Amino acid sequence: MRAADTGMQVAAAARAQPATVYADAVLREAAALLADLYAAGDGHGIAPGDWDGLGADLPGLALRAVAGRHRRARSASRVRAGRERMAEALAAAGIAPVGVYQGRLVLPRLAATPPWGWSGEAALTVGCYAGDGGWTLELTQERTPVIDVVAPSETAVAELVADVLTGRRADPPLRSFRR
């Protein structure tokens with residue numbers, strides 16, 4: 001199976017998980033894993049399409065397996081250190097956080113920032129919590145959706161956040177942020 005095909009299958013699996021956004025590096029890694037899984041099956045006479053009849057969601061499994069490697073358990077002190085690294089990574093991506101809201105970095109609204117929240121003016125935040133998990137996107141309002149971000153590093157999260165904040169990347173989960 002071609003790499004483009006596995007990439008499209010993994011992208012479809014990612015869209016089926018509306019509460020999570022994935023960095024491009026994670027999607028590429030999952031597509032490579034999926035290609036390897038198909039190649040292993042092919043070595044045993046199992047064509048890629050044969051997996052569908054078995055009820056196996058190989059694209060989704062490959063994505064979840066790769067995503068699991070990028071979620072880390074964090075203590076409260078590691079959360080604070082991660083927030084400092086994230087602020088530095090955001091600054092390197094050209095975004096200076098404007099404050100902290102409930103422990104999350106508040107990002108500035110830009111001219112290209114989509115309208116989010118009840119008023120259309122809510123700011124996007126990025127943060128992480130102690131325990132298992134990774135980074136999240138939330139709004140500066142009550143009852144905000146929590147969107148998980150899966151990325152290999154703070155730099156990759158910052159790049160994804162910059163793309164979302166400037167409208168270069170429109171992810172389906174962010175539509176639920178809009179009024």
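Trainee: Which side chain does the side chain of T136 make a polar contact with?
Mentor: A polar contact is a pair of N or O atoms within 3.5 Å; within protein, one must be able to donate a hydrogen and the other to accept it, and residues adjacent in sequence count only if both atoms are side-chain atoms. Here the partner is the side chain of E138, at 3.1 Å. Keep in mind that this is a predicted model: local features need pLDDT of at least 70, side-chain atom pairs count only at pLDDT 80 or more, and totals for chains, interfaces and linings use all residues. Residues are numbered from 1 along each chain as its sequence is written, and side-chain values use heavy atoms, leaving out hydrogens and water.

Trainee: Is T136 buried or exposed?
Mentor: Buried means under 20% relative accessible area, exposed over 50%, partly exposed in between (1.4 Å probe, protein chains only). T136 has 3%, so it counts as buried. Contact means heavy atoms within 4.5 Å, and, leaving aside residues up to four places away in sequence, T136 touches several residues, including R104, Y129 and D148.

Trainee: Where is T136 found?
Mentor: Helices (H or I, at least four residues) and strands (E, at least two) are DSSP runs, numbered from the N terminus. T136 sits in strand 5, residues 135–139.

Trainee: In what order do the strands of the sheet come?
Mentor: Strands of a sheet pair through backbone hydrogen bonds, either parallel or antiparallel. Two strands count as paired if DSSP finds at least two bridges between them. In this model, 6 strands form an open sheet in the order 1-6-5-4-3-2, with mixed pairing. Strand 1 (20–22) and strand 2 (99–101) are the edges, each pairing on one side only. Strands 5 and 6 run antiparallel, joined by 3 bridges, and W135 stands opposite V149 in strand 6.

Trainee: Why is helix 6 largely enclosed?
Mentor: Because 9 of its 12 residues are buried, the rest of the structure largely encloses helix 6. Among the buried ones are E154, L160 and V164. After helix 6 comes G167, whose phi is positive, near 80°.
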